[in-house]
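Look at the model below. The text starts with the overall fold and its surface, then moves to individual side chains.

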Amino acid sequence: LRCCTAASVVTDGGGTAAAAAAAAEERSLYIMRVVQIAVMCVLALTVVFGIFFLGCNLLIKSEGMINFLVKDRRPSKEVEAVVVGPY
């Protein structure tokens with residue numbers, strides 16, 4: 001009679017249900033952590049590639065500006081006269 005009391009039945013059934021609930025909660029926490037890590041990795045990659053492409057774009061624009069300034073600068077006629085004069 002001792003093994004089949006109402007208290008042991010409730011405790012045994014509740015223990016199994018509590019263990020299953022704890023396992024389900026632990027699994028959901030694990031999945032939530034994995035999702036958080038994946039989201040953080042995607043955001044980090046987005047920032048890194050954004051900075052990289054922004055830097056490349058600025059480098060290309062600066063090279064274009066330097067080429068524009070170099071083409072715009074012409075030697076003065078006095079320099080040509082000095083160079084041509086002694087020859």
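The protein chain holds 2 helices and 0 strands. Both terms refer to DSSP runs, numbered from the N terminus: H or I of at least four residues for helices, E of at least two for strands. This is a predicted model, in which local features need pLDDT of at least 70, side-chain atom pairs count only at pLDDT 80 or more, and totals for chains, interfaces and linings use all residues. Residues are numbered from 1 along each chain as its sequence is written, and side-chain values use heavy atoms, with hydrogens and water left out.

How much of the chain is buried? Buried residues make up 1% of the 87 residues. Here buried means under 20% relative accessible area, exposed means over 50%, and partly exposed lies in between (1.4 Å probe, protein chains only). The chain exposes about 8300 Å². Carbon and sulfur atoms supply 73% of that area. Accessible areas come from the Shrake-Rupley method with a 1.4 Å probe; for residues, only the protein chains shown count as cover.

Part of the surface is a nonpolar patch. Its members are Tyr 30, Ile 31, Val 34, Val 35, Val 39, Met 40 and Leu 43, with about 680 Å² of accessible area together. Patch residues have over 30% relative accessible area and no salt bridge; nonpolar side chains (Val, Leu, Ile, Met, Phe, Trp, Tyr) are joined within 5 Å, like charges within 9 Å. A salt bridge is a side-chain nitrogen of Lys or Arg within 4 Å of a carboxyl oxygen of Asp or Glu. Val 39 lies in helix H1. Its relative accessible area is 43%, so Val 39 is partly exposed.

Now the aromatic rings. Rings of Phe, Tyr and Trp (its six-membered ring) pair if their centres lie within 6.5 Å; planes under 30 degrees apart count as stacked, over 60 as edge-to-face and the rest as tilted. The count comes to 2 aromatic pairs. Phe 49 and Phe 53 are stacked, because their ring centres are 6.3 Å apart and their planes meet at 25°. Both lie in helix H1 (residues 6-72), 4 residues apart, about one turn of the helix. Phe 52 and Phe 53 pair edge-to-face, at 5.3 Å centre to centre and 65° between the planes. Phe 53 is exposed at 53%. Phe 49 is partly exposed at 46%, and Phe 52 is partly exposed at 48%.

Last, the cysteines. Cys 41 is partly exposed at 42%, and Cys 56 is partly exposed at 29%. The whole structure has 0 disulfides (pairs of cysteine sulfur atoms within 2.5 Å).
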